[in-house]
Amino acid sequence: MNLRRSSIRVSVALLTLEAAGPAYAGEAYRDPPANIAKILDAPSTPFSSVSPDKATMLLLERSSMPSIADMARPMLRLAGRRIDPATSGSHGPRWVQGISVVRLFDGRTIDLDLPEGGSPSFPQWSADGGQFAFTLTFSDGIELWLGDATDGSARRLTDRSVNGMGPSPVWMPDMRSILVAMIPEGRGDAPTKSVVPSGPVIQENLGGKPAPVRTYQDLLSDPHDEALFEHFFTSQMTLVDAGSGAARAIGTPGIFVEADPAPTGEYILVERIRAPYSYLVPVWRFGLDVEIWNPSGDVVTTLAELPLAERVPIQGVITGPRGHSWRDTEGTAEIHWVEALDGGDPNTEAEFRDRVMALEAPFDDNPTEIAQLEDRFAGMQFFERSSMAIVSEYDRDERWVRTWLFALGDDSVEPRVMIDRSIQDRYADPGDPITTMNSAGREVILLEDGHAFMEGRGASPEGDRPFIDRWSLDTLAAERLWRAEGECFEQVIDIASRDASTIVTRYETPTTPPNFYKTTLASGDRAALTQFEHPAPELLGIKKELVKYERADGVELSATMYLPAGYDGRERLPLVVWAYPREFNSARTASQVSGSPHRFTMMGGASQLFFLLQGYAVMNGATMPVVGPDPETVNDTFIDQLVMSADAAIAKAVEMGVADPERVGVGGHSYGAFMTANLLAHSDLFRAGIARSGAYNRTLTPFGFQAERRPLWQAKDVYFEISPFMHANKINEPMLMIHGQEDNNSGTFPMQSERMYHAVKGHGGITRLVMLPNESHGYRARESAGHVLAEMLEWFDRYVKYAEPRSEERLD
């Protein structure tokens, strides 16, 4: 390919962009060049799910992207949730378009025959692996369906009356019926809002107690919202017979967030929302009644009445019992929960922060304390057919995780530490336990001959190398059974035998698309389960490698360097540096490599990798660590560390002979957009920037952001210094900003980009703001992704690729 700058002419699209001036009118959606649009529409690799009996695998066909018409469906924003009022389900695209059954013993594939217009949910397997339940969402409602894994048939169990705003359908332990949240009979039409207000909306804090909260969005705002919330969230819990489809309502209607049967099937754990509601926090912090029901819906006991959680400290927890769940061991009916011992405040000094409690049926005795934890509870898992369990705790200051092995009900056995490491130490990550489904339909840690199995990403200096280890519960020693090797990326999807001698993997290389295989570890024999072809052969010539380099303070950095197809190394290329900053406690963990250079080279959505098809080199995932031993003050040097990392990345690309240092652009999404604006404000390393869905004024997130713990009033100088909005007058490189008009990510209000645009423009900076209709924090519609790519390519073509050398005056 000819990459000489003198041979290229500016396109008509660029001339149009240059002449566009200060227009504010809406534009029609644009598409990127045809070669990019073709790849944008290529099919995606399906999701997968292996049956509990390891005989079958489901492939869930994914759509590449929905249309903007799908995204533009009517939407209600209530209590932190987004609702499609026509379906009584979550608003947004339905990614799964079809389901196929793959038989693992012979590789035969059967496509489920599903009605047109219905989008399946992720299936829920029955314990024996013979059936799977799922919902189908249509334009006017949601149905419950049942699939047969033996012959690939499927049948409808209910009409379109499933309430998608209630708990997800779950199998009862006898596997004969499914517990489903249904729309109550006679619900009627949704409340309408009077055009004449009945009075003002009032919030108050008369007790004078602090109530710091993050910047949540889509909250309730008035009595009409409350009425809509009750209308759409109220469900009738119903048992649906998996054979006949007969439905039996249990209990009274309510706003349920949990409905989970005990492993014995004798009880159901129910969590229901109760008034008053909040205009300050989302639904998951509303008041709760935690109840135990019998299968008829009668309340056996009330475990807790939890108040509205508006006064939880930032990064803290509620003071009462929380996280109620069943012990997953089959044949048990034992409830576990956690209680804070430090008032829920992570800033309070305490010998122990949490304790884990248990209460057995019939729930009329005093609860038993299982464990006291020095740090915050971080999860609990149970072993199959055993009294053993693992309990994890997390130290937020040290960013440290510790996992204990407990013998439940046997105080004579001392708990033992299984895992004790920095959560940021990817190289020391032992992986996660491989689970199996027991006869009660509960996920438990598989236990075979006194051993558990762990599978992990296998981060290493050469990139990720997924693995399987066998752990002895007697000695806690690990034995490596398998590790991905060679110039490929192969990850474990599931094991296909209880001793892990046979596994199901997803295998890919930079030029070979992901496919699923069944592999016998002893012989290495591999049987292909799928044969997906390359969706975009024109990408085969793209090259990539893992590159490592060092910044001025000695911290080691890394990135994946992508080079366009046909590049022969004779000329230096325009370079795109795309990154996302992260905080670390130490230089050692900050320097560790993540990701793999051996993954399949494919791009989709509004990916920055599409720059490769236009003659750019892309330094993807360039690490931008912010390192400091104290998480409270790590952001005090945020800007200096950011600039050092960016400078080192460019120097490495120039040293490799790849990049033209006069033609480098920077970009990022979310916190990466925040990074981009700061680099443009505080350095002259880049010719232009692309900032997507960012937050630029940290005074609008006054109770903390990302890993920043201090509120604004304790760190005013830091909030000011690292807010690029406060330095908009210093941004003297062109900056393109893109934001979804419906962004509901905490902190990244669309107003952030609007105000940043006004600030840069007000100081004479070159800038452009693109607001995407019906899009949230990410950009999901096909029209939106195409337009974003067109904008990005045109911006960097003009201000990076074809930029004239900078004058000394400009650099000053």
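Buried means under 20% relative accessible area, exposed over 50%, and partly exposed in between, with a 1.4 Å probe and protein chains only. This is a predicted model, in which local features need pLDDT of at least 70 and side-chain atom pairs count only at pLDDT 80 or more, while totals for chains, interfaces and linings use all residues. Residues are numbered from 1 along each chain as its sequence is written, and side-chain values use heavy atoms, with hydrogens and water left out.

**Stop 1: helix H9**

Helices (H or I, at least four residues) and strands (E, at least two) are DSSP runs, numbered from the N terminus. Select residues 750–762, which form helix H9, 13 residues in length. From first C-alpha to last, H9 reaches 19 Å, close to the 18 Å expected at 1.5 Å a residue; the expected span is 1.5 Å times one less than the number of residues.

Which residues of H9 are buried? They are Pro750, Gln752, Ser753, Met756, Tyr757, Ala759 and Val760. After H9 comes Gly764, with a positive phi near 80°.

**Stop 2: two cis peptide bonds**

Go to the loop between strand S18 (268–273) and strand S19 (288–293), where Pro276 lies. The bond from Ala275 to Pro276 is cis, with omega near 5°. Next, select Pro362, in the loop between strand S23 (354–360) and strand S24 (368–373). Ala361 and Pro362 are joined by a cis peptide bond with omega of about 10°.

**Stop 3: the loops on either side of S26**

Select the loop between strand S25 (376–382) and strand S26 (388–395), which holds Arg385. Phi of Arg385 is positive, near 45°, in a residue other than glycine. Is Arg385 buried or exposed? Arg385 is exposed, at 56% relative accessible area.

Ser386 is in the loop between S25 and S26 too, but counts as buried at 15% relative accessibility. Its side chain reaches the backbone nitrogen of Met388 at 2.9 Å, a polar contact (a pair of N or O atoms within 3.5 Å; within protein, one must be able to donate a hydrogen and the other to accept it, and residues adjacent in sequence count only if both atoms are side-chain atoms). Leaving aside neighbours within four places in sequence, Ser386 is in contact with Arg327, Thr329 and Leu447; contact means heavy atoms within 4.5 Å.

Now move to Arg399, in the loop between S26 and strand S27 (400–407). Arg399 has a positive phi of about 55° although it is not a glycine, and at 9% relative accessibility it counts as buried.

**Stop 4: a sheet of 4 strands**

Here 4 strands form an open antiparallel sheet in the order S35-S36-S37-S38. Strand S35 (489–495) and strand S38 (526–528) are at the edges with a single partner strand each, so one side of each has no neighbour in the sheet. Two strands pair if DSSP finds at least two bridges between them.

Select strand S36 (residues 502–508), joined to S37 by 6 bridges. The partner of Ile503 in S37 is Thr519, and a hairpin of 6 residues links S36 to S37.

Finish with strand S37 (residues 515–520) and S38, which pair over 3 bridges. Lys518 has Ala527 as its bridge partner in S38, and Thr519 stands opposite Arg526. The hairpin between S37 and S38 has 5 residues, and Gly524 in the turn has a positive phi of about 80°.
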